[in-house]
Amino acid sequence: MAKKIPFNVVFASDEDVNFPASELNNHGPTVHGWRSAPDCGLDSHDIILRFQQPAKIYRIQLLAHQYLIPEKVELWLHYSPKSLPSTPSSQYFDFLGFVALADNANTNYKSRELQSVTVCPRRGTHLKLRLIGVQGNDYNGTGQISLLAVNVLGEDLEVGPTNGNGEEHLSNEAPPLDTATGELALASICDDLLFSMYVEESIVQSIRELEQRKVLAVNAERFEYARKLKLCMTALRSAGERLGRYALAKRQAVQQEDFTTARLRKEQIEMYRAAVLRQLQVQQLLEPQGVALGTNDQSCEIYAGGKPSLPAAPSLQDVAQALAEATYSPKSLTSLSLDDKSSTDGSQGQPGNDSVVATPAPAPAPTSLQATPTPSLGGWRKSHDELPQSPRLPSRHSSPMSSRQGSLRRRNKSVPRNSYEDYEERAIPTLRHSNTNEFLRECQGNALLEADPNRGRSRLNDRERRQAALPILVFGSELVEQFYSRQFQDREDGLLRLRTFLKDHDLEDVSGNEHAASPNKVARSAALLLHRAVRDAVYSVFGQATETVRMLFLEYVPGRVSPNEVARCVDRLLPELLAKSGDPSARLHTLAQHTILSIAACPEVAEQHLVAPALSRSVGSGTHQRLAMSRLQMLEQLVHTQGISTDKHSGLTCRALSECGCSGIHHPAEPVRKVAERILLLVYKVNPRLVRKQLPPDDDITRRNLLYRQLFTEFDKLDLDRKQELLEANKYGGGHSSGDAATPPADKASTSSDASRLMTSRSGHGLGPVASSNNGYASCNGKQQYNEQLKRSMLSVSNSCKGSASNSESTEDNSPKIRCPFCDWSCVGSDASQLDRHYWKACPFLTKCPQCSQVLEVAALNYHLTTECDAKESYVVCARCTESVHKQLYELHQMEDYCRELKTGAARCPLCHDDVHLPQDGGWKLHLLSAGGCPGNIRKKNLKKSN
């Protein structure tokens with residue numbers, strides 16, 4: 001199986017002083033790697049590696065830098081037996097191939113590229129890497145290239161006879177492969193470069209030992225022990241990666257000469273490593289005595305549930321607190337009192353005492369995360385100026401005169417330890433051992449802010465500066481930093497300053513100063529900052545942000561900002577405000593609703609219809625109750641303030657509102673359904689047919705549902721009110737016309753007879769009622785039939801009045817005239833049989849029932865066949881086209897082309913099977929009496945009208 005081949009770098013064409021080629025000899029998280037000399041001018045760079053033993057090469061791994069990237073790397077291999085001398089002049093390298101590297105621009109130069117090249121098994125003693133070209137980018141200003149690590153996988157070469165030449169190619173051999181994955185079989189997972197470069201070195205060594213123990217356990221058939229070893233290695237890898245990150249942080253602190261942090265990082269590494277090894281029982285699993293332990297072959301709690309859990313990683317505050325408490329242990333306090341006594345006796349200048357105080361006692365590092373005093377750290381004595389204090393612990397000695405020898409004045413031993421000052425300086429015992437000491441952290445943060453008010457306002461990083469480039473240009477970096485500050489007081493001050501800026505910003509200043517920002521840029525910059533402010537979790541900041549938003553749209557935007565910029569600002573702020581409107585807190589969602597309605601009241605926003613379309617979207621059943629109710633409440637308020645519009649882009653059309661209301665009445669929350677019902681009632685007052693089309697048919701089955709029963713009851717009330725208004729209007733209108741034009745008695749008699757003939761035909765059967773529902777025929781409800789009869793009587797009275805007025809004006813004599821109320825056919829005379837004959841044979845508005853020969857309106861034929869006809873048991877209503885079809889012909893009917901879905905607001909003609917648009921607004925008259933006429937009507941289309 002393949003393993004890592006150790007090597008040494010013997011030659012490099014050039015190198016940086018701080019990044020020598022010898023860094024490639026080792027692998028680990030803290031390895032710098034090799035880097036070429038800056039501005040060297042070489043096109044290619046050579047690095048020669050010499051293996052410690054002749055080896056058979058299977059795979060070569062290269063880890064490139066994140067931005068110092070060469071274009072390609074060529075691989076050359078040389079083999080020279082130990083019996084032959086090898087000098088640079090006598091070495092002959094065979095070309096294996098090259099590896100092309102990506103420019104890494106897609107990852108923003110933050111990731112490292114790992115290239116693994118599998119080669120045919122070859123013998124070799126030297127490997128030459130030739131790095132050619134430079135991948136140019138903004139981060140590489142010196143033209144350098146780098147290589148972080150090189151790994152060679154293979155096997156040690158068995159000593160045997162060779163043919164003496166330099167090229168040894170093993171064409172008949174194949175690299176060992178893993179039967180499960182098909183990849184190169186490795187002797188240890190630690191040999192992989194991806195593993196060894198990111199896991200801490202001591203953990204890598206422990207995993208190697210555990211792998212050896214696992215092989216022995218499998219051979220001895222100790223499978224429970226082998227399972228524990230496997231789980232332990234997996235957990236150790238995760239812990240090793242964390243320790244590797246800690247090691248990088250320690251190296252960075254050393255480079256910055258922050259030795260206090262470096263010491264804390266060192267203790268943090270030791271504490272976490274010891275805690276991990278103790279919790280995973282690594283020493284017990286390694287069996288250092290070489291004797292098999294019975295506990296390893298038994299199940300335990302740590303490894304019972306699969307992957308074991310790792311201990312919590314200590315923070316630097318925990319480490320500093322542990323060191324401080326270890327220093328303040330009773331043993332250290334005893335040594336402190338002895339030192340103070342020796343210093344007050346005048347012996348502080350003796351070299352013996354100085355050596356005792358300054359020399360640290362040899363003791364191991366702390367291995368526990370608990371902040372308990374340990375005797376090992378108790379003997380470590382340093383001054384309080386050098387000892388790093390935990391941020392959670394206040395300083396015990398705030399005087400600058402504290403030194404290694406103690407205080408210059410003698411302490412008063414009679415003063416009790418429980419004085420007011422002493423209690424102020426010591427940590428509370430119940431909070432001292434808490435892992436989440438928020439009280440002390442808050443106290444320390446307040447003290448730091450009182451000492452330096454600008455301490456909490458951190459500088460913007462590069463990402464934040466790129467995001468806020470335009471606001472910084474318009475408002476300045478100081479105001480923008482207040483918006484990005486961690487202190488909510490700074491964010492509130494920033495919002496106050498922004499409102500002051502918007503109030504003082506005048507168009508005259510912009511025209512007079514060419515460097516001043518235009519209103520469009522000011523609005524865009526303010527929207528960028530307010531987008532961050534409205535998402536703030538602090539209520540006071542959110543309140544200030546909403547007030548600034550209202551001022552922006554109601555005071556600054558009108559008459560200044562272009563419509564496109566207004567739309568951009570609304571698109572940025574409206575989603576965040578809508579999300580806040582669904583907050584469970586009443587004060588938050590109420591304030592968000594008020595802000596959204598204020599934005600909608602802006603003239604520029606209302607003209608472009610920017611808010612209503614977002615509110616009138618359908619409400620799903622899974623939408624949160626608070627969010628759905630807020631949206632519907634704001635939509636209802638917009639209907640009251642702006643009214644229902646006919647512009648299809650406004651979001652306040654009858655169709656958009658009815659669809660939103662119909663989706664809201666199916667929401668599981670009752671408050672949401674109540675608001676949706678109110679919206680539907682508002683739309684029903686304007687367009688009742690469209691609302692009824694969106695709902696199920698008004699029948700007895702639908703009214704069994706309590707929701708629809710209440711809704712249809714409200715619809716009936718509105719219909720009754722509307723009919724009463726129409727009756728009053730027709731009453732006043734009819735009386736006025738009769739008073740103006742004196743109608744002869746004969747005309748009155750004829751009109752009354754016409755009104756009676758609208759209800760009965762020659763055969764005595766009732767004429768079909770006028771269509772009132774969406775599908776062209778009336779409802780089966782008795783109350784609605786009464787309303788329809790009332791409507792027909794109103795229509796007959798109005799038509800008779802019109803006919804009598806036209807007769808009196810057009811004719812000079814008093815000859816009676818008969819007029820058809822449907823098709824406007826008229827004839828001179830007083831014979832009522834002529835009108836009946838016209839109904840029975842010629843009126844295109846009427847037709848005969850194919851089953852009972854009753855004369856009725858074409859619009860009422862479908863309803864008549866299913867509810868009134870003697871053969872109604874043989875007819876059914878088609879669910880697709882709403883026509884009345886014989887049961888025996890229903891399947892054939894559904895196969896016809898004219899059986900199609902009915903359009904919204906239309907009716908279906910039973911003669912020609914075409915859609916009749918606007919059936920209640922003259923659609924049937926246009927369909928039956930137009931020049932083209934109904935192609936399925938066999939009656940006369942063109943009737944001669946008598947003058």
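Two strands pair if DSSP finds at least two bridges between them. Helices (H or I, at least four residues) and strands (E, at least two) are themselves DSSP runs, numbered from the N terminus. With that settled, W34 has L147 as its bridge partner in β8.

A word on the source. This is a predicted model, in which local features need pLDDT of at least 70 and side-chain atom pairs count only at pLDDT 80 or more, while totals for chains, interfaces and linings use all residues. Residues are numbered from 1 along each chain as its sequence is written, and side-chain values use heavy atoms, with hydrogens and water left out.

The chain as a whole, then. It holds 34 helices and 16 strands. Of its 947 residues, 43% are buried. Buried means under 20% relative accessible area, exposed means over 50%, and partly exposed is in between, with a 1.4 Å probe and protein chains only. The accessible surface is about 49700 Å², and carbon and sulfur atoms own 51% of that. These areas come from the Shrake-Rupley method with a 1.4 Å probe; for residues, only the protein chains shown count as cover. Take the contacts (heavy atoms within 4.5 Å) with a separation of 6 or more: 66% of them join residues 24 or more positions apart.

Back to β8, residues 146-156. Of its 11 residues, 9 are buried. Which strands run antiparallel to β8? Strand β1, residues 3-4, is joined to β8 by 2 bridges, with K3 partnered by G154. Strand β3, residues 34-35, is also joined to β8 by 2 bridges. Strand β4, residues 44-64, has 9 bridges to β8, and there A64 stands opposite L147.

Next, the surface around L194, which lies in helix α1, residues 193-196. L194 is partly exposed because its relative accessible area is 44%. Together with L114 and Y198 it forms a nonpolar patch of about 240 Å² of accessible area. Patches take residues with over 30% relative accessible area and no salt bridge; like charges are joined within 9 Å, and nonpolar side chains (Val, Leu, Ile, Met, Phe, Trp, Tyr) within 5 Å. A salt bridge is a side-chain nitrogen of Lys or Arg within 4 Å of a carboxyl oxygen of Asp or Glu.

Helix α2 covers residues 201-219. At 1.5 Å a residue, its 19 residues should span 27 Å, and its end C-alpha atoms are 28 Å apart, which agrees. The expected span is 1.5 Å times one less than the number of residues. Among the buried residues of α2 are I203, I207 and L210. An α-helix has 3.6 residues a turn, so residues three or four places apart point the same way. The buried residues of α2 pack against α1, α3, α4 and α5. Just after α2, E221 takes a positive phi of about 60 degrees.

S598, in helix α21, counts as buried because its relative accessible area is 9%. Leaving out residues up to four places away in sequence, S598 touches R550 and L554. V549 is 49 residues from S598 in sequence, with 8.9 Å between their C-alpha atoms.

Beyond its neighbours within four places in sequence, E883 is in contact with residues including N862, C878, H893, C909 and H913.
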